[in-house]
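Subject: Model handover

Hello,

Here is the structure you were waiting for. Please open it alongside this message; my notes follow below.

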Amino acid sequence: MSRVRVTAPPTSPPTPMRGTSRALESREAAQDSEVGQVFVRSLIRSQLRLALVVAGGFLLILAAFPLILVVVPGLAATRIAGIPFGWLLLGVGIYPVIGLSAWLYVRTAARNEARYRDLAGDQ
Amino acid sequence: MNAGVALTAVAVVSLATAIIGFYGLRISRTTGDFYVASRTVRPWWNASAIGGEYLSAASFLGVAGLILLSGTDALWFPVGYTAGYLMLLLFVAAPLRRSGAYTIPDFTESRLSSRTVRRVTSLVVVMVGWLYIVPQLHGAALTIQIATGLPSWVGSVAVVVVVCITVVAGGMRSITFVQAFQYWLKLTALAVPILFIIFVLAREGAEPLSPPAVNPTDLAPAGPYQNVSLLVALLFGTLGLPHVLVRFYTNPDGQSARRTTLIVLGLLSVFYLFPTAYGLVARMYAPDLARSGQPDAMVLRLPGQLVDGMPGDLLSALVVAGAFAAFLSTTSGLVVSLAGVISQDVLGGSVRGFRLAAVVSAVVPLGFAFMTGSLALAGSVGLVFAFTASTVCPVLLLGIWWRGLTDAGAIAGMLTGAVLCGGAMIAGSMTAAGLTPAWLAQPAAWSVPAAFAVTVIVSRATAHRIPASMPRIMTRLHTPERPLATER
């Protein structure tokens, strides 16, 4: 691991701007330093990895659903409360999977951001 | 169906839409209000509004009709429409909100520092919007013709008139209220009749006319290629829909954009249970509706066919009202976002320009709708998703996640996608129905990867054109907003 000198970002006198644009400028100025960019890159990488893992997992489950119906003979026609299982699986069962993936993602993405905030706040 | 009751239902929905629009007029004053409701809309309101806007004629009428025709194969449509929002949450929601742009062309311009990219994106967005409005107007024409017996053009014209009045009066702020109201109206209008029908069938102990697995027509079922290609279109197409994206700017920050999307996923999941139920009940108790040649009308006809007398009339009227809400909400959402794009690019971004642009963006697709015949609604909307997935989606995804995107790559990618997918759509519409080869009928599986590949290759070849502002913009897209207390 190479050592980097941790310095405060160069501070310029605040320009008289109003509202969100000033907030935006200060947010970006803080990340202009070399170290700031390292943190930003690592945040982007972890968010992308998280999104790809959740998407991949969801697509695998999605592909598994019709496969189960093909592999297990008679399963598609089995009735639960008068409704064929194939219809229940694709018409109802897939939505909780979508909701669960989304909930997991939102939670973890917020956690990644909190970690970034801690790091970037310490520099 | 009782024409008087149905007409009353349509009039009530249109009136309610217009009234909420005028109510919104009193609170929207500035240009910012008109475009994005000043970014102060709460997540539940916003999520209902997104749901209201997204659930179009295809979801309300088309999906159920398609399930009646092709059974479990058609269940991929609602799954894809919902899972598209999952992809949007994963890859687009928070960064897009943090970009601070108003429209997709705003985003591509600021990300790539190029006016030309902005113009090409605007062109693509307007094409997507118009393509998407046309099936809504076809749905309105069909509904009015079946419900009241009036000539079908009345339906399309009525939708365009009500939408123009609402958008011109209130802009985005009132649209948010209108859309939120319309989600709940659509859900009620679909849920109450089918629950009542199931209750009646169960009480009478009615025997199914045919088992759900039996194909009511002799149409060939979709093969695995078509299902996969459809899913590609729906998963990646949702990312690029202009009227869906503009909604994310009404969230106060990136994290609330994610929370809003989470709620939207719940609302969509609940909604899509009902078209599925319609499809299943119709397959078992009214398979003859599949042979009428208008499967899209099944949802409108089912209550009258299975429930007799006045209750049947009232339920039919409720479904007609919900269907009309679907056409109105999706069309007005599209018109607002198109008007935003057109007025900023052509008319200088004033409120007056926005109103003029709104009328233009509603009237042009009306002309298209008169010139073209109605296809199966779910199918034609699926094609629009394929077009979006091949044009807007690669630029958006790569712009958010890849530092190497250049303006030349973005333009090349959008044009490739537009030519490939647009060409397939035109070629497909010229071959006789039923004879179109699968790869032409569902182009997404090859046109989307091609657009991505061209975007990446051309960007790599023109790497010297990566804008100097890129690191700053990437930081803005991905870093969380600070709590307000530390910003002041």
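Helices H12 (residues 254–285) and H13 (residues 298–306) of chain B pack with their axes 11 Å apart, at an angle of about 50°. Axes here are lines fitted to C-alpha atoms, for helices over the stretch in contact, and angles run from 0 to 180 degrees between N-to-C directions. Helices are DSSP runs of H or I with at least four residues, strands are runs of E with at least two, and both are numbered from the N terminus. The angle makes H12(B) oblique to H13(B). Oblique is what remains after under 35 degrees (roughly parallel), over 145 (roughly antiparallel) and 65 to 115 (roughly perpendicular). H12(B) and H13(B) cross in a left-handed sense. Left-handed means that the near helix is turned anticlockwise from the far one by less than a right angle; clockwise is right-handed.

On H12(B), the meeting residues are B:Tyr278, B:Ala282 and B:Tyr285. On H13(B), they are B:Met298, B:Val299, B:Leu302 and B:Leu306. Two residues are in contact if their C-beta atoms, placed from the backbone, lie within 7 Å. By class, this contact has 7 nonpolar, no polar and no charged residues. Nonpolar covers Ala, Val, Leu, Ile, Met, Phe, Trp, Tyr, Cys and Pro; charged covers Asp, Glu, Lys and Arg; the others, Gly among them, are polar.

Before going on: this is a predicted model, in which local features need pLDDT of at least 70 and side-chain atom pairs count only at pLDDT 80 or more, while totals for chains, interfaces and linings use all residues. Residues are numbered from 1 along each chain as its sequence is written, and chains are lettered from A and ligands numbered from 1 in the order in which they are written.

B:Leu201 lies in helix H9 (residues 153–204) of chain B. B:Leu201 and B:Tyr285 are 84 residues apart along the chain, yet their C-alpha atoms are separated by 9.1 Å. B:Leu201 counts as partly exposed because it has 17 C-beta neighbours inside 10 Å. The cut-offs within 10 Å are 20 or more other C-beta atoms for buried, 12 or fewer for exposed, and partly exposed in between, with C-beta atoms placed from the backbone.

In chain B, the axes of H5 (residues 76–91) and H10 (residues 224–237) come within 7 Å and cross at roughly 35°. The crossing of H5(B) with H10(B) is right-handed. Among the residues that meet are B:Trp76, B:Gly80 and B:Met87 in H5(B), and B:Asn227, B:Leu230 and B:Phe236 in H10(B). The contact residues divide into 9 nonpolar, 4 polar and no charged.

Now the chains. Chain B has 21 helices and 0 strands. Of its 488 residues, 61% count as buried. Chain A has 3 helices and 2 strands, in the order α-α-β-β-α. Of the 123 residues in chain A, 20% are buried.

How many residues of chain A are in contact with chain B? There are 37, and they touch 34 residues of chain B. H1 (19–30), H2 (34–71) and H3 (85–122) of chain A each supply at least two residues to that side. H3(A) gives the most, with 19 residues. The side of chain A that touches chain B divides into 25 nonpolar, 8 polar and 4 charged residues.

Best wishes
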